[in-house]
Amino acid sequence: MLGELIPCGGGDPIPLLRSRLLIGRRSRCDITLRFPNVSSHHCELQLINGYWHIRDVGSRNGIKVNGVRCDSKWLLPGDVLSVARHRYEITYTVDTDAPPPADEDPFALSLLEKAGLTQRKRTGLESTIDRHPAAAPVQDESSFPDYDQEMPVGWNDSAPEDDPEQDE
């Protein structure tokens, strides 16, 4: 056993038997929480280098660690994990002398990127051409008008019409 999730309101502890566990409402999840406010695939626990890491996988009601909402976070023994509104204390033994990895910068992504509404901009001409075929460089410039030539007589030599509303 790699650790346990102990329900804060009482109940049987949930053993952490594998190094990667999907938590959600569906019976196919590794840890099934049959509550209506838990998403079908809510979050993922993963044991990496001796420490548990939690990551929200697009749930509706999110996760919190020690009362603070987050998208992903490294868990230390004794931390309280909230899945939707259901709280669990995680207990495990750290089997490494290394300090826990640093959490990701919460400002690394924009709010639109976090919401999944945009993707990071790619750099370089190739990415622009890939996304916008009309932005590709023009190979044949012979079809463009030559603006150095004089415009034909009568092209725009008409005077503006008198505006009757201006006379009043």
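A: V83 stands opposite H86 in β11, and β10 and β11 pair in the antiparallel sense over 4 bridges. Two strands count as paired if DSSP finds at least two bridges between them; strands are DSSP runs of E with at least two residues, numbered from the N terminus. The hairpin of β10 and β11 has 2 residues between the strands, and A84 takes a positive phi near 60 degrees there.

A word on the source: this is a predicted model, in which local features need pLDDT of at least 70 and side-chain atom pairs count only at pLDDT 80 or more, while totals for chains, interfaces and linings use all residues. Residues are numbered from 1 along each chain as its sequence is written, and side-chain values use heavy atoms, with hydrogens and water left out.

Now to the other partner of β10. Strand β7 runs antiparallel to β10, and 3 bridges join the two; here I63 stands opposite V83. In a regular strand the side chains alternate between the two faces of the sheet. Both faces of β10 are covered: V80 and S82 are buried on one side, L81 and V83 on the other. Buried means under 20% relative accessible area with a 1.4 Å probe, protein chains only.

Put together, 6 strands form an open antiparallel sheet in the order β2-β1-β11-β10-β7-β8. Its edges are β2 (14-15) and β8 (68-70); each has a single partner strand, so one side of each is left without a neighbour in the sheet.

What about the core? The largest nonpolar core has 24 residues, and L5 and L45 touch the most other members. Such a core is a set of buried Ala, Val, Leu, Ile, Met, Phe, Trp, Tyr and Cys residues joined through side-chain atoms within 4.5 Å. Strands that each supply at least two residues include β7, β10 and β11, while β6 gives the most, with 3 residues. Leaving aside neighbours within four places in sequence, L45 is in contact (heavy atoms within 4.5 Å) with residues including L5, L16, W52, I54 and L75.

How values were computed
Buried < 20%, exposed > 50% of the residue type's maximum accessible area, 1.4 Å probe, protein only.
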